[in-house]
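Hi,

Here is the structure I promised to pass on. Have a look at it, and then read on for what turned up.

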Amino acid sequence: MALQSLNSIRRGFEPWNDPAARPYIHFDRVTKKFGDFAAVNDLSLTIFEREFFALLGASGCGKSTLLRMLAGFEEPTSGRILLDGQDLRGVPPYRRPVNMMFQSYALFPHMTVEKNIAFGLKQDGMPAADIAARVAEMLRLVKLEEFAKRKPHQLSGGQRQRVALARSVAKRPKVLLLDEPLGALDKKLREETQFELMDLQQDLGLTFLVVTHDQEEAMTMADRIAILDKGEVMQVATPPEIYEAPGSRFVADFVGSVNLFQGQVTRRDAGRAEIAGPGLVIHTANPGDAEQGKTVHYAIRPEKIRLSSFPPENARANAAQGEIYDIAYLGDVTIYNVKLDSGQIVKSTVINSQRSADDPLTWGDRAWIAFQPDSGVVLTR
Amino acid sequence: MTIPVAPGTDIPTKNESRPVWSRGILRALSSRLVILVPYLWLLAFFLVPFAIVVKISFSQTTLAIPPYTPVLEGVGSLWQNLREFSFDNYLWLTQDALYFNAYVTSVVIAAVSTVLALLVGYPLAYGVARAPSALRPLLLMLVILPFWTSFLIRVYAWIGILKPEGLLNQFLMAIGLIDQPLLIMNTYTAIFIGIVYSYLPFMVLPLYAALEKMDYSLIEAAQDLGCTRSSAFWKITFPLSRPGIIAGCMLVFIPAVGEFVIPDLLGGSQTLMIGKTLWNEFFANRDWPVSSAVAVILLLLLVVPIMIFQQAQARQQEQGR
């Protein structure tokens, strides 16, 4: 299947598909309650060594609590957290072989950049010469050599972020925890820093666990993403899988934008199904666990919907007619909102370099939407 | 800012009737006035009286009303006026060991009290700053609450607690901890208790202000990097609260040096503090010139810590971005 080839888009690294691979971090049925509220609810998750793993979710989904439990700032109400085979229950934060990069950076304002980076090494009682060498190395790594003697308030936001990063990796932790590491940076800097973080993770060979609410950030950087909602894992998968084959309506809707058609499964054969929705019949080659007669949702991404003023030539294609309702020009792409005759509004994204000049569509025009049988997925949850 | 206006259109303004220049002057004046009032206040009620005290300190005591010889009065030549200046009072302060001892005792008592107040106040301020934010205003109020009763009455009340047959001794004897009453009243211990009690809010409030604005994630970061809770406190919390410590110590130390009521009420007759000495010179001996000299020296003695305090504050503001 086409999806399978997308799994290993990054460097053929996929220990999660290797049954012999030992999990490095294991959240084993972890629950964390604050009063009556369960921030994390009976959650299990395994993360492998050298993996760049992202916890993605809206605020309050429990992702930060999960990170803080691994760092040792919170103890799970029940369940176990194992790191490299060791149960972390009762181990205080200062004895855990993990380091955290805080969302606020938490740089010590009364210490210079150098002293901030050296802080953790000094706590470990490393000899002064080794500390100096490691600090110099870290400063070089984050390209802040000439700022060694500055105090945090004399640095820009991006520089502070790099100091925080250098300080948290200086001790070579087994796992680096990053809490919204790019949240305070502006968009352009954020995009650059994403790649820097990935390079750094590769170079140092560390396991990164990043918490973010920014799906683009998670998609760009992570080997695998766990989508969290209300303290539970909705799906764990690689970014292409999450995007192309979301496991539920929540995930489909949460990551990127999606068109959802509700319909009834009218035919179910091996490897294909037919869904009768309002105003159109959908043939799909990704039937999932759709069963005959059941009401399901069919999810399709806007960029997979073609838009034209003519009906599709291929009679087997899924198609419906409607009226152009809204147009948003974003530079690289244009988003068309098409109001189908059934009343449903469907989003179609057209790459501007492919927009045909001899088929100009504008507000109020009648138009056809069409998509291939293998473009979307059937969701039963 | 000028806004282009089409000819013939009127922009209505508030002060249409007043010409532009007068508005400008008014604004400049009113902004000056805000600063001028407190300065005039200080001039009239601090600087002028202090100048008078300095003048009296250069005169001689005499049986008259007021009880000192005139200095710098009348329209004599400058030389004549200067000849009336007498440094006898200042010389006198150096000759009688009483004054030197009183100054030293005052500074030592104030310093010890300040350290004690810091030891009591720091945990208190820390506790309030770390309390749930809904509870903090209430806790702060409780710190300030004693101010609602007269200072004199509160110090007086300590006599009832500390005297040999007072509440403290009764309580300690009732629970069987002691069988002889502790002699606290009329000792330096009583003065320390009085000063620490009375000036504690001045210590707690600046400490609270410094601790409250501290980002708790700094402590977590320190722990994450290998600090135990206590070493995180000494390496992060304590140094970051230093401006609050300096402010609190100055606010306790400076008034404690010149304190009169507490040593007089709680310290008994034999305690030697400069505030009491001053009072005795002025009211018992009716020696206005010497007591003025005592006051001038006391002020000079305090100017030094005040200047340190202000410098520390300026540095803190600079650091605060």
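Predicted model: local features only at pLDDT ≥ 70, side-chain atom pairs only at ≥ 80, totals over all residues.

One cut-off before anything else: a residue is called buried under 20% relative accessible area, exposed over 50%, and partly exposed in between.

Elsewhere, salt bridges with shared partners link Lys32(A), Arg68(A), Glu74(A) and Glu220(B) into one network.

Now for chain A in general. There are 381 residues in chain A, and 51% of them count as buried. Its secondary structure comes to 9 helices and 20 strands. Along the principal axes, the C-alpha atoms of chain A fill a box of roughly 75 × 45 × 40 Å. If you look at contacts in chain A with a separation of 6 or more, 67% of them are between residues 24 or more positions apart. The accessible surface of this chain is about 17400 Å², and carbon and sulfur atoms account for 49% of that.

What about charge? Chain A carries 46 positive and 48 negative side chains, and the centres of these two sets are 6 Å apart. There is also a surface patch of negative charge, where Asp186(A), Glu192(A), Glu196(A), Asp199(A) and Asp203(A) gather. One of its members, Glu192(A), sits in helix H6 (residues 187-204) of chain A. With a relative accessible area of 44%, Glu192(A) is partly exposed.

Back to salt bridges: the count over all chains is 20.

Arg172(A) and Glu137(A) meet through their side chains at 2.7 Å, N to O. How accessible are the two partners, Arg172(A) and Glu137(A)? Arg172(A) has a relative accessible area of 33%, which makes it partly exposed, and Glu137(A) is partly exposed too, at 30% relative accessibility.

The other salt bridge is between Arg190(A) and Asp214(A), at 3.8 Å, N to O. Arg190(A) lies in helix H6 and Asp214(A) in the loop between strand E8 (207-212) and helix H7 (215-221), so the pair connects parts of chain A that are 24 residues apart in sequence. Are these two side chains' residues, Arg190(A) and Asp214(A), buried or exposed? Both are buried.

On to chain B. A nonpolar surface patch of about 1200 Å² stands out in the list, and its members include Leu33(B), Leu36(B), Trp41(B), Leu42(B), Phe45(B), Phe46(B) and Ile52(B). Leu42(B) has its place in helix H1 (residues 20-57) of chain B. Its relative accessible area is 46%, so Leu42(B) is partly exposed.

For a buried residue in chain B, go to Thr114(B), which has a relative accessible area of 6%. You will find Thr114(B) in helix H4 (residues 97-130) of that chain. Leaving out residues up to four places away in sequence, which residues does Thr114(B) touch? They are Met203(B), Cys249(B), Val252(B) and Phe253(B).

Lastly, two backbone angles. Asp84(A) is not a glycine, yet its phi is positive, at about 50°. This residue is in the loop between strand E4 (78-83) and strand E5 (86-87) of chain A, and with 26% relative accessibility Asp84(A) is partly exposed. In chain B, Asn186(B) is another residue other than glycine with a positive phi, here near 60°. Asn186(B) lies in the loop between helix H7 (167-174) and helix H8 (188-212) of chain B. At 36% relative accessibility, Asn186(B) is partly exposed.

Over to you!

Definitions and conventions:
Residues numbered from 1 in each chain as written. Chains lettered and ligands numbered in written order. Heavy atoms only, no water. Patch = residues over 30% accessible without salt bridge, like charges linked within 9 Å, V, L, I, M, F, W, Y side chains within 5 Å. Areas by Shrake-Rupley, 256 points an atom, 1.4 Å probe, with all protein chains shown as cover. Salt bridge = Lys/Arg side-chain N within 4 Å of Asp/Glu carboxyl O. Helix = DSSP H or I, 4+ residues; strand = E, 2+ residues; numbered from the N terminus. Buried < 20%, exposed > 50% of the residue type's maximum accessible area, 1.4 Å probe, protein only. Contact = heavy atoms within 4.5 Å. Lys, Arg positive; Asp, Glu negative; His and termini not counted. Charge placed at Lys NZ, Arg CZ, Asp CG, Glu CD.
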